[in-house]
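Subject: Structure for you to look at

Dear colleague,

Please find the structure below, and keep it open beside this message while you read the notes that follow.

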Amino acid sequence: MNMLRCAVMALFCVLLAAPAILAQTPQPPPATEGFVPANDLPAVEQLPAAPLVIGAYACFLVIMVGYAWSISRRLNTVEAEMRALEQRQARGSGQR
Amino acid sequence: MRKLFTPLAILTAAMLGYAPIAIANAPYESTMLLVQKIFYFHLATWMALATAVTVCAAGSVIYLFKGNEKADRIAFAAAELSVVYCTFGLISGSLWGRKAWGVWWQWDAKLTMAFMLEMIFLGYLIVRKYAGPGAEKLAAAMGIFGAATAPFIYKSADWWRTVHPQTSVMKTLGEKAPPMWNVVWFCGVAFVLLFVVLLTLRVGLEDRRAELDRLYLEAEA
């Protein structure tokens, strides 16, 4: 009899708490039945264009400055080699 | 040319300095809006590239048939600049395509042929560097065939199905949006002038290398 009373009390407590538990549990969204195309994407979802535009112009600047620097570096190497060769030739003619 | 070089370099720098202001003031395109502004540098790059491959082909033909070494040096310099401009053309197109088409790259006729052009001119430079004696003539042939692909790349958007805008865009731009058209040509001229300036510097480097080779030969003799 005690057991039955305890079971009824437990069931009563659960039933009392049920509305509070149900109120706290978020309801899952209904299952998706199909995808619907959006006509206008919200602004926050769109890929921003500014970094791409700035990236393109920055890339041009880097490539052109880098290329001009590369020409200057190669020209300096050739000039240094020419000076070294001329000095060697001058030393050689001096020794003779 | 030496007398003209400094004024030309100053004019080019001034035009390139003003280009971003002109582009910022140009009207927005109705569907692509801000990202369409890449177009002004993108198209100008291909204009300069077309000039570069034409110079390379002309220099290569003169070298092959007349043996003119100066023409070969000009062709070599133009081939290197073709690689530089083509690289920027592909990168700027990719950045534009990411926004306009939603992808960085598309293996369609125009883009794939442009990529092949880059490969041909990279091949030209590799041949010049590593192919040993006779590499100049082999590279010259590559330069001519590389340049021969340029008209096909230009017309490919009209001939085949491709996501790339057709050549008629330029025609309609001139009729419908003269302010945009003016900026396109301003940037195009600036990029071609930049090509001339860089070509002059690069040919100067090749001239000095030829002079160095001559000095070495004299020293050994």
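How many salt bridges are counted between chain B and chain A? The count is 2, where a salt bridge is a side-chain nitrogen of Lys or Arg within 4 Å of a carboxyl oxygen of Asp or Glu. B:Glu80 forms a salt bridge with A:Arg74, and their closest N and O atoms are 2.9 Å apart.

Please bear in mind that this is a predicted model, in which local features need pLDDT of at least 70 and side-chain atom pairs count only at pLDDT 80 or more, while totals for chains, interfaces and linings use all residues. Residues are numbered from 1 along each chain as its sequence is written, chains are lettered from A and ligands numbered from 1 in the order in which they are written, and side-chain values use heavy atoms, with hydrogens and water left out.

The contact (heavy atoms within 4.5 Å) draws 31 residues from chain B and 24 residues from chain A. Together the two chains bury about 2,800 Å², of which 79% is on carbon and sulfur atoms; buried area is the accessible area, found with a 1.4 Å probe, that two parts lose on being put together, summed over both.

Turning to the second pair of notes, H8(B) gives the most to the lining of the second largest pocket, with 6 residues, helices being DSSP runs (H or I) of at least four residues, numbered from the N terminus. That lining divides into 6 nonpolar, 2 polar and 13 charged residues, where Asp, Glu, Lys and Arg count as charged, Ala, Val, Leu, Ile, Met, Phe, Trp, Tyr, Cys and Pro as nonpolar, and the others, Gly among them, as polar. A pocket here is an open set of points on a 1 Å grid over the protein atoms alone, where a 1.4 Å probe fits, with protein on both sides within 12 Å along at least five of seven lines, and its lining residues have an atom within 4 Å of a point.

With best wishes

Methods: Helix = DSSP H or I, 4+ residues; strand = E, 2+ residues; numbered from the N terminus.
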